[in-house]
Amino acid sequence: MSTDTTHPDSVDSSRRDFLKRATVTAVGASALGHLTIARSAHAQGSDVIKIALIGCGGRGTGAAIQALSNKANPNVKLVALADAFKDRMERCLKAVNTRCKDRVDVPEDRMFADMDGYQKAIDCGVDMVLLCTPPGFRPMQFEAAVKAGKQVFMEKPLAVDGPGIRRIMAANEEAKKKGLAVAVGHHLRHETKHREVIKRIHDGAIGQVKYMRAYFNSSGVWTRPRQPDQTEMQYQVRNWYYFNWVCGDHIVEQHVHDLDVMNWIKDAHPVEANGMGGRQVRKGKDYGEIFDHHAVEFTYADGTKMFSFCRHIPNCWNSFSEHAHGTKGHVSIQGHGRAELCIDGQDPQRWDRGPDGHQVEHDDLFAAMLAGKPYNEADYSAASTMTAILGRMATYSGKIVTWDEGINSTLDLAPKSYTWDAEAPVKPGPDGIYPCAMPGVTKAW
């Protein structure tokens with residue numbers, strides 16, 4: 001595994017420059033000029049786009065199937081896999097073969113296990129990489145893919161800390177210079193209900209947005225208990241959701257979907273955050289160091305407030321939804337349901353979800369590549385990831401945190417090296433319980 005931890009902190013991260021960069025998106029990338037992605041998408045003149053999947057868990061498996069099933073270009077083939085664990089690659093390959101057998105050619109010598117497998121996959125003659133490992137690995141893997149000149153689809157979120165966000169931003173500037181397509185798994189941006197209702201917000205249907213609400217409340221996710229033969233690093237990477245250096249806490253890994261929608265509505269990111277959170281029920285040895293609930297008040301530059309709630313506690317009210325309230329009405333969008341626009345004095349307008357955005361995001365990416373159109377979703381995605389990180393900084397510290405304090409933070413959560421016998425960034429106490437943040441005490445940025 002590469003131990004290169006160089007972080008290009010010299011990237012200008014002021015709010016104005018960040019937003020200027022973020023105007024280049026999948027639907028407005030004219031600033032990239034007349035780059036011809038289609039001409040560079042295929043290796044050695046082949047008509048087939050050869051894909052490597054890096055990160056073979058459930059989301060990675062789904063992304064591979066969706067890329068191979070895209071409706072724009074049938075000439076794609078999965079030719080390589082990489083994951084920290086061989087058993088996950090084997091399960092993934094079986095699942096992808098079941099759905100897309102005629103587009104899979106992954107022999108044993110193109111299955112790369114261990115934490116350095118990503119570089120081997122990038123280097124084995126592919127045209128495109130799907131980066132679907134946990135987000136703590138995203139900055140170094142994106143850097144490697146861009147350096148090698150590969151087209152990229154990467155899952156959200158993009159990092160777990162300020163240094164990681166700066167690495168993503170710097171690598172993305174290089175991706176733009178090279179004319180590389182960069183897509184990010186914010187599938188809600190590609191769903192009919194979100195596009196229709198947010199277009200109307202931007203057209204002024206609900207007037208001036210006064211405040212917004214975002215929810216990702218659920219009963220929680222899986223646990224993977226410790227095995228007798230595991231090193232501490234192996235345990236933490238297997239149980240990655242519960243360790244901040246790999247996951248970023250569930251406000252970053254999961255709630256980032258809703259926060260991205262809030263930023264989309266405002267066409268901006270917050271300038272500060274304050275909040276509270278903690279661990280109410282998820283306290284055992286299997287739950288690492290993360291909180292089980294967060295509540296954050298974000299403030300945008302124009303004073304608009306956004307109230308953010310995420311919770312992993314069973315037997316409670318659950319919601320995956322986003323809401324905006326304006327001077328003329330309001331909107332409510334269910335993450336996997338319908339969107340409703342209510343203008344004062346008028347009957348509500350409703351939109352069904354439409355096709356699953358997980359598939360549409362790949363359809364849109366491959367259509368742009370085939371047409372030779374610029375395509376880059378990394379800037380607004382970096383802003384949304386940083387918004388989630390800012391929220392975690394606020395809940396962990398119990399303090400008001402500004403955007404500039406967060407994005408310029410030097411607090412690096414990464415381990416010193418990426419090997420199975422390396423020292424893990426966090427260790428359990430004598431009772432097997434991992435320490436977690438203490439508001440008022442913890443230095444969170």
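Q: Okay, a polar contact is a pair of N or O atoms within 3.5 Å; within protein, one must be able to donate a hydrogen and the other to accept it, and residues adjacent in sequence count only if both atoms are side-chain atoms. With which side chain does Lys176 make one?

A: The partner is Glu173: its side chain and that of Lys176 make a polar contact at 3.1 Å. This is a predicted model, where local features need pLDDT of at least 70, side-chain atom pairs count only at pLDDT 80 or more, and totals for chains, interfaces and linings use all residues. Residues are numbered from 1 along each chain as its sequence is written, and side-chain values use heavy atoms, with hydrogens and water left out.

Q: Good to know. Where is Lys176 found, and is it buried or exposed?

A: Lys176 is found in helix α7. It counts as buried because its relative accessibility is 12%. Buried means under 20% relative accessible area, exposed over 50%, and partly exposed in between (1.4 Å probe, protein chains only).

Q: How many helices and strands does the protein have?

A: There are 14 helices and 15 strands. They are DSSP runs numbered from the N terminus: H or I with at least four residues for helices, E with at least two for strands.

Q: And what share of the protein is buried?

A: Of its 445 residues, 58% count as buried. On contacts (heavy atoms within 4.5 Å), residues 24 or more positions apart account for 75% of those with a separation of 6 or more.

Q: Let's go to α11. Why is it described as largely enclosed?

A: Eleven of the eleven residues of α11 are buried, so the rest of the structure largely encloses this helix. Just after α11, Asp267 takes a positive phi of about 55°.

Q: Which residues of α8 meet α11?

A: From α8, the residues are His194, Arg195, Ile198, Ile201 and His202. On the α11 side they meet Val261, Trp264 and Ile265.

Q: New topic: how much space lies in the largest pocket?

A: About 740 Å³. On a 1 Å grid over the protein atoms alone, a pocket is an open set of points with protein on both sides within 12 Å along at least five of seven lines, whereas a cavity is a set where a 1.4 Å probe fits but cannot get out; lining residues have an atom within 4 Å of a point. Points are joined across faces, edges and corners, and a volume is the space filled by probe spheres set on them.

Q: Which residues lie nearest the centre of that pocket?

A: Arg59, Gly60, Cys132, Trp240 and Glu253, out of 40 residues that line the largest pocket. The elements giving two or more residues to this lining are α3 (58-68), β2 (76-83), α5 (117-122) and α6 (138-147). Of these, α3 gives the most, with three residues.

Q: What is phi of Asp114, and of Asp249?

A: Phi of Asp114 is near 100°, a positive value in a residue other than glycine. Asp249 also has a positive phi, near 85°.

Q: Where are those two, and are they buried or exposed?

A: Asp114 is in the loop between β3 (111-113) and α5, and counts as partly exposed at 33% relative accessibility. Asp249 lies in the loop between α9 (232-238) and α10 (250-253), and at 0% relative accessibility it counts as buried.

Q: Last one: which residues does Ser319 touch?

A: Not counting residues up to four places away in sequence, Ser319 touches Tyr215, Phe216 and Asn217. Its side chain also makes a polar contact with the side chain of Ser321, at 2.7 Å. Ser319 is found in strand β11 (residues 319-326) and counts as buried, with 9% relative accessibility.
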